[in-house]
Amino acid sequence: MPTQGDILRAFRQIPLPASVLVIQPPGGATLVNFDTNFYTEAAPFERTVTLLGHQVRFRIRTQSFTWHFGDRTETRTSKPGAAYPALDVTHRYLEKGTVSPSVDTTWEADYQLDGGAWAPVDGTVTIAGAPQRLTIRSATPVLVG
């Protein structure tokens with residue numbers, strides 16, 4: 001019979017997807033002192049594996065997201081952010097330059113052994129997301145008339 005350790009090892013061997021970071025405004029550039037919006041998409045899914053002759057079904061979902069903004073700041077949320085106009089996860093850059101923001105996704109799961117009761121997996125798996133290139137520019141307003 002698989003132990004909790006066996007179940008966790010099996011969960012860690014499932015190829016979990018890295019989240020793709022979406023940055024708004026699009027185009028790889030934003031402005032100093034402007035709220036830049038970040039989000040990703042990470043839908044729950046199921047996988048079934050055979051472990052020591054037993055069928056183990058996993059219900060996999062996100063637990064948290066760690067947002068690395070590329071300027072040595074980060075934040076952690078339980079939600080994946082959302083597209084504009086929601087502005088759930090934003091960051092305001094204070095200096096111009098180029099940064100490489102990314103998002104790490106921590107996955108958790110429940111498991112079912114041979115069709116029995118569901119139970120939580122005793123552990124999580126964090127998958128690092130690929131960094132994106134983002135240029136922060138300064139802008140000067142000009143009145144025209």
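**Exercise 1.** Is R9 buried, partly exposed or exposed?

*Solution.* The structure is a predicted model, in which local features need pLDDT of at least 70, side-chain atom pairs count only at pLDDT 80 or more, and totals for chains, interfaces and linings use all residues. Residues are numbered from 1 along each chain as its sequence is written, and side-chain values use heavy atoms, with hydrogens and water left out.

Step 1. Buried means under 20% relative accessible area, exposed over 50%, and partly exposed in between (1.4 Å probe, protein chains only).
Step 2. R9 has a relative accessible area of 48%, so R9 is partly exposed.

**Exercise 2.** Identify the salt-bridge partner of D6 and describe how the two residues are placed.

*Solution.* 
Step 1. A salt bridge is a side-chain nitrogen of Lys or Arg within 4 Å of a carboxyl oxygen of Asp or Glu. D6 forms one with R9, and the closest N and O atoms are 2.7 Å apart.
Step 2. Both residues belong to helix α1, 3 residues apart, and about one helical turn separates them. Helices (H or I, at least four residues) and strands (E, at least two) are DSSP runs, numbered from the N terminus.
Step 3. An α-helix has 3.6 residues a turn, so residues three or four places apart point the same way.
Step 4. D6 is buried, at 18% relative accessible area.

**Exercise 3.** Explain what the salt bridges R57–E46 and E108–R61 tie together.

*Solution.* 
Step 1. The side chains of R57 and E46 meet at 2.8 Å, N to O. R57 lies in strand β5 and E46 in strand β4, so this pair ties together parts 11 residues apart in sequence.
Step 2. For E108 and R61 the N to O distance is 3.3 Å. E108 lies in strand β9 and R61 in strand β5, so the parts tied together are 47 residues apart in sequence.
Step 3. Salt bridges that share partners join R59, R61, E108 and D110 into one network.
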